[in-house]
Amino acid sequence: MSAVKSQTMPMAGEQVRGMVIMAVAMLILPIMDIIGRWLSLIDHLSPGQIAVTRFAVQFVVLVPWIVATRGVSALRPKQIWANILRGMLLGFASLLFFISVKYMPVADAIAVFFVEPLLLVALSAVILKERVGWRRRIAVIVGFAGALIVIQPSYELFGPVSLLPLGTALLFAFYLILNKTVALEDEPIVMQMVAGAGATLTLGLAVIAGTIAGIADMTPLMPQFAISWFLLLIVGLLSAGGHLMVIQAFRFAPASVLAPFQYFEIVTATIFGLIIFGDFPELSKWFGIAIIIGSGLYTFWRERQLHEEAPETNRI
């Protein structure tokens with residue numbers, strides 16, 4: 001018995017460490033979105049320049065870190081084009097989200113974005129040919145119904161922009177699917193660095209094109225407040241630090257254990273949104289949020305259960 005304890009206790013301790021790291025990451029990452037909303041509403045900076053700054057800072061921070069810890073040779077990933085594509089997907093997902101939080105409360109946008117785990121299940125069945133049984137298919141449908149409950153009053157107030165978090169969720173789901181193949185050959189921190197480079201390049205070109213076309217949400221403006229320069233830096237640091245914490249958390253605990261902690265983001269988004277902007281989701285939206293979270297948690301639980309069962313029973 002003592003031998004068993006000595007082997008299992010470290011594993012349990014590592015899982016707890018992973019859960020704590022994941023929880024902290026999910027509590028601080030929405031601050032990036034809150035800052036983005038403040039920069040858009042108060043200082044009138046465009047979502048395009050906020051998004052490109054986020055990834056530029058992430059890239060600049062990670063390059064010296066990788067050189068110092070792994071050497072210059074580590075800067076070149078084994079799958080460079082796949083990693084650049086990851087950056088493009090993540091970059092445009094971030095752009096759509098920053099545009100959405102300019103016009104709608106952060107908590108609402110994050111709630112709609114949380115259909116992403118359900119989209120991931122659906123896309124995994126289509127693209128990766130993974131078996132998805134009727135229980136998880138129903139969970140996906142129910143989750144989308146919850147998203148519609150959140151979107152409906154937002155659509156009346158904000159119009160088509162309320163659908164942008166769905167676009168973010170779709171792009172992020174494709175990004176995660178690509179991760180499954182790229183992560184087999186490249187280290188996570190290197191993947192994040194190249195993703196930062198790819199996102200900076202593509203978003204930079206998008207900002208230039210948007211500026212030429214006269215699109216306000218893409219045209220960069222000079223910050224009016226000195227603190228805005230600092231906040232732009234904080235957005236990039238939160239992005240780099242938060243996602244590195246997520247990577248670290250996955251080193252200590254499996255995805256099925258960590259995935260439910262994503263919903264902690266709604267807590268931070270709601271608290272800061274209420275304090276800074278006076279935003280608070282209506283009762284009907286909380287009902288939709290509860291449906292989305294319930295569907296997502298069921299999906300996570302079902303995935304874990306299937307991995308524990310014998311392969312021949314993984315049919316539903």
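Hi everyone. Let me begin with a definition: a salt bridge here is a side-chain nitrogen of Lys or Arg within 4 Å of a carboxyl oxygen of Asp or Glu. Keep that in mind as we look at this model, which is a predicted one.

Let's start with Glu265. You'll find this residue in helix α11, which covers residues 264-277. Is Glu265 buried or exposed? Glu265 is buried, and yet it has no salt bridge. Arg54 is the nearest side chain of opposite charge, and it is 9.3 Å away. So what does Glu265 touch, leaving aside residues up to four places away in sequence? Its contacts are Met26, Leu29, Pro30, Ile110 and Phe114.

How many aromatic pairs does the structure hold? There are six. Take Phe113 and Phe114: their ring centres are 6.1 Å apart and their planes meet at 50 degrees, so this pair is tilted. Phe113 and Phe114 are both buried. Another tilted pair is Phe280 with Trp286, at 5.8 Å centre to centre and 50 degrees between the planes. Trp286 itself is partly exposed, with a relative accessible area of 29%.

Ring pairs also build a cluster, made up of Phe97, Phe113, Phe114, Phe172 and Tyr175.

Finally, two arginines over rings. Which ring face does Arg17 lie over? That would be Phe252, with Arg17 at 4.9 Å from the ring centre. Arg37, for its part, lies over the face of Phe277, at 4.8 Å from the ring centre.

How values were computed. Residues numbered from 1 in each chain as written. Predicted model: local features only at pLDDT ≥ 70, side-chain atom pairs only at ≥ 80, totals over all residues. Heavy atoms only, no water. Helix = DSSP H or I, 4+ residues; strand = E, 2+ residues; numbered from the N terminus. Buried < 20%, exposed > 50% of the residue type's maximum accessible area, 1.4 Å probe, protein only. Lys, Arg positive; Asp, Glu negative; His and termini not counted. Contact = heavy atoms within 4.5 Å. Phe/Tyr/Trp six-rings, centres within 6.5 Å; stacked < 30°, edge-to-face > 60°. Lys NZ or Arg CZ within 6 Å of the ring centre and 35° of its normal.
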